[in-house]
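The model is shown first.

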Amino acid sequence: MALLRLFLKPGIDKQNTEYGAEGGWIDGDYVRFRYGLPEKLGGWTSFDETPVYFVGLPSEIFTWNGLGGSPYAALGTSRKVYVFYGGAWADITPIRDTTTGVTFDTTSGSTDVVVNETAHGAVKGDFVTYSNVTGDPGGIPNADLENEFEILEVLTTNTYRIASPTAASSTASAAGTADAEYQINVGSDVSYFDFGWGTGTWGLSTWGTPRPPSASVSLFSRVWQFDNFGEDLILQLVDGGIYRWDTSAGIGTRAVAIPNAPTKSKYALVSTPDRHLVCFGTESTIGTPSSQDPMFVRFSNQEDIESFVATATNTAGGQRLTDGNEIITALRSRGQILIWTDTSLHGMQYLGPPYTFGFQQLGANCGCIGPHASADVNGVAYWMSKDAFYVFDGTVKKLSCTVQDYVFKDINVTQAQKVHVGINTQFNEVTWWYCSFTSDYLDRFVTYNYLENVWSTGTMARTAWTDIGTYENPLATAYNPDGTEATLSTIYGLTPGRAVLYYQESGVNADGSPITAFIKSGYFDIGDGDQMLLMSRFIPDFKDQVGNLTIHLLLRPFPQASASPSSLDPYVIAPNTQKVDTRARGRQISLRIESSDVDSNWRFGTMRVDIKPDGLR
């Protein structure tokens with residue numbers, strides 16, 4: 001019988017049944033579609049020659065060039081903020097307080113040290129650095145305490161516990177003195193639906209005790225959002241304070257709070273080309289966190305990010321939006337700033353004095369799911385809501401999505417704050433990473449190719465992403481909540497939770513390890529009616545193949561019957577394989593292609609198959 005071409009339309013289709021998706025693909029991992037054909041995703045390599053491990057769950061990567069052209073990268077996590085410049089990383093986490101007169105309680109033979117400071121304001125997991133230690137408390141050398149420590153337990157409002165690098169040789173109370181430098185309170189890497197019994201991290205309190213709605217428990221996981229003001233870095237802690245890092249001061253300095261700016265906002269951006277610092281979901285009374293209005297927009301004076309009070313001689317001001325309960329995120333787009341609430345989309349356009357900005361509602365019932373769930377590609381905005389994907393190209397439209405049920409029936413909406421979108425302009429892709437229903441960490445992705453209008457899904461876990469621009473490859477972070485690797489600087493008592501930064505689309509391996517990629521077609525048959533089919537051979541068609549591939553032919557007698565492999569399955573396809581003889585017999589057949597070797601690569605073309613009708617026996 002003549003060979004038949006097996007044409008399979010691009011994209012993953014999970015809306016149809018496996019039989020209803022005949023002529024297409026129904027599943028895959030580490031695969032993208034380009035020019036209508038599936039291919040293995042690109043690999044990744046460590047950003048640093050020797051991997052650098054960061055503390056906490058990253059939520060933002062931001063890259064830019066200084067005025068002299070030098071590249072910078074900033075990374076914000078649930079517990080720290082880092083910056084990269086000149087081949088070196090530095091911790092620029094803001095400092096919230098510096099104090100003197102700290103004392104220590106020690107127990108002979110123990111590394112546990114209780115630190116005494118009235119109204120220290122610390123929470124479990126905070127970081128503190130001591131200097132000018134005197135008295136060798138409990139026999140612990142002063143130099144051993146002149147380091148950075150994680151606060152392991154908050155005992156009272158005036159005491160907390162750390163772990164010394166050396167054990168005390170004697171028991172002492174209120175021994176020695178030191179100066180203390182406290183970094184801003186850490187955030188959580190997990191969101192909690194509500195406060196009460198069981199809320200918070202393991203060991204936060206005692207069994208059977210309700211957790212208080214205090215600073216020691218976060219309702220939402222920590223998210224950072226970065227932007228530029230000139231070459232300086234603006235750091236907005238989502239639902240928190242706003243900071244500035246001055247590049248001219250060097251990476252040995254830390255970010256500092258912007259004077260006279262709001263102290264609690266949902267989001268912030270610098271408008272262009274007029275250069276106002278705009279805070280969204282911010283305070284109605286500047287400097288009073290309790291006055292935060294989640295629907296209020298406030299903007300600074302033009303070219304002056306330290307002046308937010310409106311006067312007759314400046315362009316500062318504010319506006320409250322309607323339609324929604326809170327502002328979720330904002331994005332610079334073509335000719336305006338787009339603002340998403342939990343239910344709607346608004347536009348903010350620069351008008352000039354005396355009104356400065358004008359606002360208009362652009363859409364309803366189309367809110368955004370999280371602070372980093374929207375992206376702009378050449379003036380077209382894409383975003384993820386709580387139950388669908390949308391696009392704004394002048395009009396709000398719901399995207400037709402062939403994996404919509406798969407994504408939104410499996411998403412953990414409690415962790416929606418973590419959802420992160422990444423643009424990959426090299427491949428015309430917008431990708432959203434989200435937490436599956438049983439996971440508290442980002443472990444799934446869904447990708448939309450906006451030129452070819454196709455969708456794909458997978459399991460590559462990334463927590464933050466930035467496109468090419470400053471660097472020749474996209475950058476992305478991966479997080480291991482159980483990681484205990486040595487970090488950028490020595491921190492005593494450091495608990496698990498490490499992140500690493502990768503160059504994406506770099507090679508074809510997972511930082512030297514193999515990537516297991518596969519794609520599976522829907523079931524196809526020979527035609528209408530009760531007919532069996534026999535596939536006696538197929539001719540593979542791959543481009544850029546490196547290494548061996550495996551092809552499985554899965555057979556079913558009925559659409560809802562269990563699948564079984566053909567008698568000669570699996571079929572190993574080498575780069576020089578010309579044809580494969582088979583004895584695949586069934587009413588419906590599905591094709592599965594996979595690879596799992598180091599350096600393997602492939603792109604599938606159009607397979608030709610030898611199929612003919614067969615009897616029921």
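## Fold and cores

The protein has 2 helices and 51 strands (DSSP runs numbered from the N terminus: H or I of at least four residues for helices, E of at least two for strands). Its radius of gyration is 28 Å, close to the 25 Å from the globule rule for 617 residues, so the protein is as compact as a globular protein of that length; the radius is taken over C-alpha atoms, and the rule is 2.2 Å times the number of residues to the power 0.38.

This is a predicted model, in which local features need pLDDT of at least 70 and side-chain atom pairs count only at pLDDT 80 or more, while totals for chains, interfaces and linings use all residues. Residues are numbered from 1 along each chain as its sequence is written, and side-chain values use heavy atoms, without hydrogens and water.

| Property | Value |
|---|---|
| C-alpha box along the principal axes | roughly 90 × 70 × 55 Å |
| Buried residues (under 20% relative accessible area, 1.4 Å probe, protein chains only) | 55% of 617 residues |

A nonpolar core is a set of buried Ala, Val, Leu, Ile, Met, Phe, Trp, Tyr and Cys residues joined through side-chain atoms within 4.5 Å. The largest one has 83 residues, and Tyr-382, Met-384 and Trp-432 are among those with the most contacts inside it. Strand S31 (residues 380-384) gives the most to this core, with 5 residues. Beyond four places away in sequence, Tyr-382 touches residues including Tyr-390, Leu-399, Trp-432 and Tyr-448 (contact means heavy atoms within 4.5 Å). A second, separate core of 22 residues includes Ile-61, Val-123, Phe-127 and Ala-464.

Note on methods. Buried means under 20% relative accessible area, exposed over 50%, partly exposed in between (1.4 Å probe, protein chains only).
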